[in-house]
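Subject: Structure handover

Hello,

Here is the structure I promised to pass on. Please open it next to this email and follow along.

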Amino acid sequence: MRWKDDGLAFSLPGLPPIWVHASAPVVALLLTLPLWTHGVNGRWTAALVAPAIMLSVLAHELGHALMARRLGLIPTQIRLHASGGEAVIGGWAWSRAIERRIILAGPLVNLLLGGTCLALAWLLMQVFVAAPNVPSDAIFTRPPPLPPPVVPRALYWIGGINIGLAVVNMLPAYPLDGGRLLHSLIEERWSQRRAQFWIGLCGLVLAVFTKLVFLGSLIAGMPIWSPPDIPPNWEALQAARQWRSMEGPKA
């Protein structure tokens, strides 16, 4: 384990090298801000959820990397940063079928984790929380209901975050999995230029919208992670337009 390029680099047995930028834990803490301000129960919950966010992103990237390894490619590094993460994969030229399987592996991992955490949270709430029925005329004579226990509450958060990661990553924008998958489909059917143009355009609209959502959620004190980023989609859109101008008018 060592400090490298503003981040922590380390290796785990059987996995590709992992690099975590210093901004990644800052984003995790920011996303759990509503919990930190809700008493002792909330702070304990946040202490569980914050590292789980980073582990969920890592699990997503491991889904890509391990699927690539299973298909004969070589995952060389996993990188975690403020924008999420990426799996660096090397090897021979990929077929579209192989690429799509690798792309879908990441969101599938998050869906499985999310569903498992939500199911466990529900089961624990059935076991540990047996809130009595409080008659409407006794609302001021009985104590208020206790907040949910820390572990089920944390599992609900972690489950929801993983489902959110899966859904957000399938948006049609660069460099998200949905953008890469749609790029492969459009390129196969039409051309690379059309793929870049339409995904860049969709991604630019989504990026502007999600940044406005993030700003509003930050003001409200409940920050919402807001990919995709504007630069890669703007660059793809501009590249497609330049490519079209170089082709010239068709006869």
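How many residues does helix 7 have, and how far does helix 7 reach from its first C-alpha to its last? Helix 7 has 28 residues and reaches 40 Å. That is close to the 40 Å expected at 1.5 Å a residue. Keep in mind that this is a predicted model.

**Overall layout**

The protein has 251 residues, and 37% of them count as buried. Its secondary structure comes to eight helices and five strands. From the N terminus on, the order is β-β-β-α-α-α-β-β-α-α-α-α-α. Now take contacts between residues at least 6 apart in sequence: 61% of these join residues at least 24 apart. The protein exposes about 14,600 Å². Carbon and sulfur atoms supply 69% of that area.

**Helix 7 and what follows**

Several residues of helix 7 are buried, including Ala195, Ile199, Gly203, Leu204 and Ala207. Just after helix 7 comes Gly221, with a positive phi of about 85 degrees.

**Helix 5**

Helix 5 covers residues 150-169, which makes 20 residues. Its reach from first C-alpha to last is 28 Å, close to the 28 Å expected at 1.5 Å a residue. Its buried residues include Leu155, Ile158, Gly159, Asn162, Leu165 and Ala166. What covers the buried residues of helix 5? The cover includes helix 2, helix 3, helix 4 and helix 6. An α-helix has 3.6 residues a turn, so residues three or four places apart point the same way.

**Salt bridges**

Side chains of opposite charge can pair when their charged atoms come close. The count here is four salt bridges. I describe some of them below.

- Glu188 and Arg100 meet at 2.7 Å, N to O. The pair links distant parts of the chain: Glu188 sits in helix 6 and Arg100 in helix 4, 88 residues apart. Glu188 is partly exposed, at 46% relative accessible area. Arg100 counts as buried because its relative accessibility is 18%, and buried means under 20%.
- Asp229 and Lys211 meet at 3.8 Å, N to O. Asp229 is partly exposed, at 28%. Lys211 is partly exposed as well, at 27%.
- Arg79 and Glu86 meet at 3.3 Å, N to O. Arg79 has 25% relative accessibility and counts as partly exposed. Glu86 has 35% and counts as partly exposed.

**A nonpolar patch**

Which residues make the nonpolar surface patch? They are Leu120, Trp122, Leu123 and Tyr156, and the patch is about 400 Å². Helix 4 gives the most to it, with three residues. Leu120 is found in helix 4. Its relative accessible area is 41%, so Leu120 is partly exposed.

Best wishes

Definitions and conventions. Residues numbered from 1 in each chain as written. Predicted model: local features only at pLDDT ≥ 70, side-chain atom pairs only at ≥ 80, totals over all residues. Heavy atoms only, no water. Salt bridge = Lys/Arg side-chain N within 4 Å of Asp/Glu carboxyl O. Buried < 20%, exposed > 50% of the residue type's maximum accessible area, 1.4 Å probe, protein only. Helix = DSSP H or I, 4+ residues; strand = E, 2+ residues; numbered from the N terminus. Expected span 1.5 Å × (residues − 1). Contact = heavy atoms within 4.5 Å. Patch = residues over 30% accessible without salt bridge, like charges linked within 9 Å, V, L, I, M, F, W, Y side chains within 5 Å. Areas by Shrake-Rupley, 256 points an atom, 1.4 Å probe, with all protein chains shown as cover.
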